[in-house]
Amino acid sequence: MNEPTEARLQMAGHWLQIGHPERTLDELQGLWGDAAVDFRAYLFRGAALHQLDRNAEAVDVLKDGLAQHGPFLPLLQVLGSALRAEGRLPEAEAVFLQGLSLDPNDPDLLIGYARVCLTAGQPEKASALVERAASQAPESAVVSAARAEVAFALGKDQDMRRHSTEALSHDPEDPHARALHGTASMLTGDSRSGYDSLASAAAAQPGDRDLHAAAREAKLANHPLLIPLRPFQRFNPLVVWIAAVAVIYGLRAAGLAPLSFAVAMAWLAFCIYSWVVPALLRRWINRGWGA
């Protein structure tokens with residue numbers, strides 16, 4: 001392979017690594033001959049298509065690469081991820097199991113398989129796989145992010161925030177880590193940090209509608225007019241309702257009927273406020289975001 005062709009392959013890998021998959025595809029278009037069927041060409045093209053959510057195309061490219069070069073672990077890892085994104089979970093599981101039969105302790109394959117299990121609603125199995133990956137790469141940002149995903153699936157909000165903070169410490173600009181950290185912060189009542197992280201992640205991934213919707217909701221939660229509603233963010237709303245009703249009836253039982261009536265009226269006003277103001281603010285914020 002001549003030097004210009006090798007340089008083009010290396011540049012394609014560079015664009016992929018720094019998050020510009022469309023530039024990767026541009027570089028690969030100019031390859032011909034042996035370079036066009038180099039294992040890196042298949043890997044970079046498949047990974048770029050996967051990053052661009054063109055997963056059906058990625059699957060075809062990666063399968064061609066495997067047919068050409070045999071069971072190469074990075075090809076299997078990206079193929080499994082693309083199949084999971086397509087919702088083809090049995091095929092994704094088979095691909096990851098094939099890779100793990102060749103290297104049972106590969107952290108990327110273990111985490112890829114764990115994410116298939118999460119998608120399939122098997123968080124306990126996913127947790128075991130992530131911990132196996134952690135034993136091989138304890139300082140990995142990818143492991144920390146996967147632990148945060150498992151914690152989210154298990155409803156362990158504090159653990160999710162701890163692991164997402166670890167992932168963010170490895171790479172503060174990583175959009176996935178920021179999205180996890182933002183979600184965990186919102187779930188644990190820190191709406192300011194939640195908005196900062198979600199807004200940053202949304203700005204880095206302009207095509208992700210779900211992420212932009214989450215950032216809008218976080219902005220809504222941080223509005224000064226919603227400060228009185230913070231108890232609903234920090235505690236289960238049912239618990240807040242039960243506490244309010246207990247206070248009202250407790251005051252009445254204690255012979256403080258006028259005070260009980262005043263608290264009941266205040267609670268009614270609070271309920272009306274919680275129904276009306278968020279709806280109006282949401283409409284205003286969505287207009288500002290172009291929604």
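You'll find L154 in the loop between α9 (141–153) and α10 (157–170). Helices like these are DSSP runs of H or I with at least four residues, strands are runs of E with at least two, and both are numbered from the N terminus. Leaving out residues up to four places away in sequence, L154 touches P123 and E124, where a contact means heavy atoms within 4.5 Å. D208 sits 54 residues from L154 along the chain, and the C-alpha atoms of the two are separated by 24 Å.

A word on what you're looking at. This is a predicted model, in which local features need pLDDT of at least 70 and side-chain atom pairs count only at pLDDT 80 or more, while totals for chains, interfaces and linings use all residues. Residues are numbered from 1 along each chain as its sequence is written, and side-chain values use heavy atoms, with hydrogens and water left out.

Now zoom out. The protein has 16 helices and zero strands. Its radius of gyration is 25 Å, well over the 19 Å that the globule rule gives for 291 residues, so the protein is more spread out than a compact globule. That radius is taken over C-alpha atoms, and the rule is 2.2 Å times the number of residues to the power 0.38. Along the principal axes, the C-alpha atoms fill a box of roughly 90 × 40 × 30 Å. Of the 291 residues, 39% count as buried. Among contacts with a separation of 6 or more, 48% come from residues 24 or more positions apart. The protein exposes about 15,700 Å², with carbon and sulfur atoms supplying 57% of that area; the areas come from the Shrake-Rupley method with a 1.4 Å probe, and for residues only the protein chains shown count as cover.

Next, hop over to the stretch around α4. D53 lies in the loop between α3 (39–51) and α4. It counts as exposed because its relative accessible area is 63%. Its phi is near 65°, a positive value in a residue other than glycine. N55, in contrast, is in helix α4 (residues 55–69), and N55 counts as buried because its relative accessibility is 6%. Which residues does N55 touch, not counting those up to four places away in sequence? They are L49, H50, A82, A85 and E86.

Buried residues in α12 include Y195 and L198.

Further along, the unreviewed UniProt entry annotates residues 238–255 and 261–281 as "transmembrane region"; such annotations may be inferred rather than shown by experiment, and positions follow the numbering used here, with feature names shortened. Residues 238–255 are 89% helix and 0% strand, with end C-alpha atoms 26 Å apart. Residues 261–281 are 100% helix and 0% strand, and their end C-alpha atoms are 30 Å apart.

Finally, the cysteines. C117 counts as buried because its relative accessibility is 1%, and C271 counts as buried because its relative accessibility is 4%. The disulfide count comes to zero, where a disulfide is a pair of cysteine sulfur atoms within 2.5 Å.

Terms used
Buried means under 20% relative accessible area, exposed over 50%, partly exposed in between (1.4 Å probe, protein chains only).
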